[in-house]
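Subject: A structure for you to look at

Hello,

Here is the structure I promised to pass on to you. Have a look at it first, and then read my notes below.

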Amino acid sequence: MKFSRITGSHAGRIALAAVPVALVSTVMMAGVANGAVPVSFAISGSQFQISATELNGTGFSQYAGVANDTAGAPHQVAIANIASASLSDLCQSVVTETPLGKVGLMITAGGGGNPATATDLQIGMTDLKGDSTFGNIRIGVDASTVNTGPKGSAGDFAQDADTIKIDGLQQTAWSTQASVFTLTGMHVQLTDGTTTCF
Amino acid sequence: MKMKELATDVGNRLNHATRGIRESGFAAWARRRPFVGGLLTVLSGFELFFSGQLDIGNIHVQVGIEGFQATVIPIAMVLLGLLAVLMPVHRIFYGVLSLVVAVYSLIGVNLGGFFVGMLLGAVGGVLTVAWAPKKTDTLATESTSTAETAAEPPPLAQRAASAEPAAPKKSAKPGRTRERVAVLLVLCLALGGIGAAKVPDAAPAALCIPIPLLGVTCPPASTPTPTDPLGPILGPILDPLLGGGDGGPGSIVAPLPALPIFVPDPNAPIMTQPAAQLGGSSISFSGLKSVSFVTIPLIDGSQVQVIKLEADDIVIDDFLLDVRRATGPSLVTNSARMELKGNVVVYVDSLTATLLDGTGISLLTNTPPPSTELPPQLLRVNLGLVGVFANSISFTTVDQQIHE
């Protein structure tokens with residue numbers, strides 16, 4: 001009787017559909033922000049920055065590649081794959097020129113000794129800084145024979161390693177994707193484009 | 001019962017006829033379906049797609065689920081929106097599915113296209129689910145819900161009342177405003193939800209993002225250009241067939257007299273040509289085990305002649321590695337110090353350096369090996385680096401850059 005009265009009116013049906021959706025998305029967002037629910041990312045098309053005080057990973061490879069920006073222009077990048085990575089004090093920032101001025105987005109996570117983790121991370125980078133250590137490394141192997149799932153094209157110079165550790169990582173990239181990204185302590189900030197990771 | 005059906009049928013036809021005169025074709029068409037909801041759902045799909053479509057040209061063959069998700073979820077949203085508009089009878093099914101997909105996009109595609117696509121999809125889905133045919137003209141297609149409400153006289157009576165030809169236009173107006181109120185309500189709810197999840201600034205921003213984001217990321221030129229996916233696959237296969245690869249497995253040139261003898265290295269992985277250029281202000285070896293001349297395989301099956309150095313540890317100061325081809329960009333790695341530790345194997349096609357006493361030394365594949373042994377330390381070293389393998393390598397203050 002009561003239920004059918006709710007479904008009988010337009011506003012009632014809206015509430016009936018909207019309230020659970022709002023609840024579920026709230027719970028989900030809380031889970032994402034606490035690192036309980038992993039998210040997946042696939043971004044490319046504009047240059048952005050990634051920084052972390054420490055990156056630890058396994059299953060690393062790097063080779064040449066091309067990333068296209070939003071205008072379709074190709075950009076030469078070095079594609080870095082990390083099968084499993086943990087990033088302390090992760091920061092990711094992007095600045096977009098819009099008709100209304102610059103808009104920046106900055107995501108931080110993994111602070112306070114609780115690093116963010118990513119699996120099947122793939123970054124198309126143009127610039128990387130930091131102190132790095134590679135375990136069981138092979139430099140100069142053919143890009144089609146690297147030890148990671150994604151591979152480059154035959155004849156390209158590549159390197160791969162079982163483990164990777166980078167302190168004070170700062171990199172500029174055109175694309176990133178990760179199938180599972182756990183963002184512990186996530187903080188999303190909209191900026192006016194002046195605040196970036198480094 | 002049959003009489004009732006007949007009556008509604010007649011009512012339908014009457015309604016169609018009167019509306020056809022009073023309203024333009026499109027407005028009438030849109031009114032008979034969850035048009036706004038479907039449209040928002042379609043828009044949400046586009047926003048999700050352009051929020052981060054990955055396209056690493058012809059190099060990367062997409063594997064794994066990540067790229068798949070970022071493509072399938074937007075496509076699903078577009079299809080659900082279109083289908084809800086085209087087949088209003090199934091609006092609940094499509095609407096609920098688009099709600100589920102929209103909420104899932106939060107974790108599936110770039111935080112729901114940075115919230116914008118997820119909000120569009122949620123509002124669109126809610127409107128689609130909530131939409132109902134206002135006039136009796138669609139009652140015929142809604143036999144099940146009529147049967148449900150038939151048990152309840154008041155709503156049926158209302159519907160019957162609104163079925164009168166004069167009524168439709170009047171009842172349409174409050175419906176519109178109610179719809180707007182509902183959209184606002186949903187927006188507030190959803191934004192409130194996100195705000196509650198401690199995402200600062202998302203609420204005010206989400207209201208202003210959609211236009212710039214869509215404006216910026218959706219120009220027609222931004223459509224990812226499909227590149228020839230067969231190139232990297234067919235290249236290595238076709239090249240030898242077409243005679244492009246200079247030298248098949250059988251074409252290993254027998255070493256000329258007086259030159260070093262090259263033996264195949266069974267442990268060498270497949271490497272590439274041309275060699276990268278490695279420079280350093282000094283290089284020091286500890287536990288240098290051997291300097292030998294070997295051939296190593298390339299991906300096209302051919303073999304190249306290289307010099308193989310084996311040592312326990314190697315340290316290079318002011319390290320520079322330049323990886324480039326005949327044309328195109330180069331990847332330059334600089335580091336103050338590069339330390340290779342444990343079972344270091346280096347393959348080079350040339351080595352030039354200065355000894356500590358200032359005399360030059362060079363190791364090339366086409367000249368006989370030097371009579372003296374390699375000293376433990378060399379200055380101003382330049383290598384044509386084919387490959388380096390070690391248990392571990394550490395770089396101090398590394399700076400890696402692409403030079404186009």
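Let me start with a question: is the crossing of α2(A) and α5(B) left-handed or right-handed? Please keep in mind that this is a predicted model as you look for the answer.

The crossing of these two helices, α2(A) and α5(B), is right-handed. On the α2(A) side, the contact is made by Ala17(A), Val21(A), Val24(A), Ser25(A), Met28(A), Met29(A) and Val32(A). On the α5(B) side, Leu99(B), Val103(B), Leu106(B) and Ile107(B) take part. By class, the residues of this contact are ten nonpolar, one polar and no charged.

Helix α5(B) has another partner that you can find within chain B. Helix α5 (residues 91-108) packs with helix α7 (residues 116-130) of chain B at an angle of about 160°, and their axes are 8 Å apart. Angles over 145 degrees count as roughly antiparallel, which means that α5(B) is roughly antiparallel to α7(B). The crossing of α5(B) and α7(B) is left-handed. Twelve nonpolar, eight polar and one charged residues make up this contact of α5(B) with α7(B). Among those in α5(B) are Arg91(B), Tyr94(B), Leu99(B) and Val103(B), while α7(B) brings residues including Gly121(B), Ala122(B), Gly125(B) and Val126(B).

In soluble globular proteins, nonpolar side chains tend to be buried together. Here, the largest nonpolar core has 144 residues, and Ala122(B), Val126(B) and Val348(B) have the most contacts inside it. Strand β1 of chain A, residues 39-68, gives the most to this core, with 13 residues.

Finally, chain B as a whole. Chain B contains 13 helices and seven strands, and 37% of its 404 residues count as buried. Of the contacts in chain B between residues at least 6 apart in sequence, 78% join residues at least 24 apart.

Enjoy exploring, and write back with any questions.

Best wishes

Key: Residues are numbered from 1 along each chain as its sequence is written. Chains are lettered from A and ligands numbered from 1 in the order in which they are written. This is a predicted model: local features need pLDDT of at least 70, side-chain atom pairs count only at pLDDT 80 or more; totals for chains, interfaces and linings use all residues. A nonpolar core is a set of buried Ala, Val, Leu, Ile, Met, Phe, Trp, Tyr and Cys residues joined through C-beta atoms within 7 Å. A residue is buried if 20 or more other C-beta atoms lie within 10 Å of its own, exposed if 12 or fewer, and partly exposed in between; C-beta atoms are placed from the backbone. Helices (H or I, at least four residues) and strands (E, at least two) are DSSP runs, numbered from the N terminus. Axes are lines fitted to C-alpha atoms, for helices over the stretch in contact, and angles run from 0 to 180 degrees between N-to-C directions. Angles under 35 degrees count as roughly parallel, over 145 as roughly antiparallel, 65 to 115 as roughly perpendicular and the rest as oblique. A crossing is left-handed if the near helix is turned anticlockwise from the far one by less than a right angle, and right-handed if clockwise. Two residues are in contact if their C-beta atoms, placed from the backbone, lie within 7 Å. Ala, Val, Leu, Ile, Met, Phe, Trp, Tyr, Cys and Pro count as nonpolar, Asp, Glu, Lys and Arg as charged, and the others, Gly among them, as polar.
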